[in-house]
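Here is a short briefing to read alongside the structure.

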Amino acid sequence: MTGTSIAGWGTSLPDKIVTNFDLEKILDTNNDWIVERTGIRERRLGGTTESLATAATIKALKTADLDLDSYGGLILATTTPDKTTPGTSALIHKNLGISGFAFDINAACAGFIYSFVVAHQMVKSLNQPIVVVGADTLSRITDMTDRSTAILLADGAGALVIAPSNEEDCLLGYDLQVDGNLEDILYCDLGGYLKMNGKEVFKRAIRAAEKSTNKVVEEAGYSMSDIDLLVPHQANKRIMDALSERLGIPAQKCASVIERTGNTSSASVPLALIDSIESDSLKPGSLILMTGFGAGMTWGSALVRWQ
Ligand code: COA
C-alpha cells in the first residue's frame, strides 16, 4: 500500500432544531435579515462534543469497515473540548476503543483542515488508518443575548477515516497558516463567550481563503477550472459566494449545508463534504478543494482526490 484514500465518513447533529423564527423571540433580529446577511435558516443546538464526535465516528468506522485494532489513532479537531483535560479525543477512545493514539487539535474553524493534513501524513508514516473528526458545541460558548454571534453559531460533528490504499495519495497539496496578531478579531476567554469583530473577520476570511486556495491549486499543477467541488468553511453564505466568485468556481460546485447547520466551526467542512459524498456528487478522480479560516487567525486549504 503506497497511497491513501478516504475510506469512511459519518456525521452527527443534535436533535434540537432552532429556527430563525425561534431566535426572533429572544433577540432583536428577524428571519429575513438573517437569511439575507448569512444564508442561515436553522441550526442544531445541544449535546456535548464527546457525544456528537462519538456518534459521527461510529458511522465513519462502519463505512470504512476496518478492524478496530488496525487503526493508528484518532485526531479530533475541536474548539470546544468538554474538559480542560483529558482531551475529548480520549473520551471518544473510551467509548469506541480505537487502537493507537488520540489527541485534540484546536485551530478553531480551520481545525479540520489542519487535522486532515496531520492525519494524512501520519497514515503515510504509520501505514495504518486514522480517524479524523471535527466536532464542536459552539452553543456552550455563545452569548444568546448577542445577536451578532447567536444567529451564526451552532453544534455538530463530522468524521472521516483516512486509510492506506493502492491508489495515489488522496492529499495532493495543502497550505496551513496562522497570524496570531489577529487574536483580537475573534476569541473566547476561558469560561467566557465568543467575541467577534464580524466585519473584520468577513473581509480577512475571503482574502485569506482566496490566496490559500490559489496557492494550493497552482502548486499542485492544476487550475481552478479543474476543481469539481469547493468545500469552504460554512461561516456565512456571503463569504462562501464571494469566494467561489473570486475563484471562478460556479455556485453549483460549492458544497453548502449552512442553511440548515449554521457555523459549526471544526465540524463545518466535514459536514459539507460528507453531504456531497452522500448525495453522490463525487465521482472517482473528482478534485475537492477544502478551505477553512477562524480564530487565531488560522486558515488553511487542502486539495484532495476522491478515489
Ligand atoms: N439582526 C438584525 N439586524 C442586525 C443584526 C441581526 N442579527 N446584526 C446586525 N444588525 C444590523 C446592524 O445593527 C446594522 O444596522 P444599521 O445599518 O442600522 O446600523 C445592520 O444590521 C448591518 O450590520 P453589520 O454589522 O454591518 O452587518 P454585516 O452585514 O456585517 O453582518 C455578520 C454581520 C456578523 C453576519 C457578518 O459580519 C459576518 O458574518 N461576519 C463574519 C463572521 C464569521 O464568519 N465568523 C466566524 C468566522 S470562523
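Ser-212 is buried in this predicted model: its relative accessible area is 2%, and buried means under 20%. The residue belongs to helix H7, and H7 also turns up in the lining of the largest pocket.

**Around Ser-212**
- Leaving aside residues up to four places away in sequence, Ser-212 touches Asp-175, Trp-299, Gly-300 and Ser-301.
- For a sense of distance, Ile-162 is 50 residues from Ser-212 along the chain, and their C-alpha atoms are separated by 23 Å.

**The largest pocket: space and place**
- The largest pocket holds about 1200 Å³ of space.

**The largest pocket: lining**
- The lining is made up of 47 residues, and Leu-153, Leu-186, Tyr-187, Leu-194 and Met-196 lie nearest the centre of the pocket.
- Sorted by class, the lining has 21 nonpolar, 17 polar and nine charged residues.
- At least two lining residues come from each of helices H2 (31-38), H6 (147-150), H7 (198-219) and H8 (237-247), and likewise from each of strands E9 (186-187) and E12 (287-294).
- Helix H7 gives the largest share, with four residues.

How values were computed. Residues are numbered from 1 along each chain as its sequence is written. This is a predicted model: local features need pLDDT of at least 70, side-chain atom pairs count only at pLDDT 80 or more; totals for chains, interfaces and linings use all residues. Side-chain values use heavy atoms; hydrogens and water are left out. On a 1 Å grid over the protein atoms alone, a cavity is a set of points where a 1.4 Å probe fits but cannot get out, and a pocket is an open set with protein on both sides within 12 Å along at least five of seven lines; lining residues have an atom within 4 Å of a point. Grid points are joined across faces, edges and corners, and a volume is the space filled by probe spheres set on the points. Ala, Val, Leu, Ile, Met, Phe, Trp, Tyr, Cys and Pro count as nonpolar, Asp, Glu, Lys and Arg as charged, and the others, Gly among them, as polar. Buried means under 20% relative accessible area, exposed over 50%, partly exposed in between (1.4 Å probe, protein chains only). Contact means heavy atoms within 4.5 Å.
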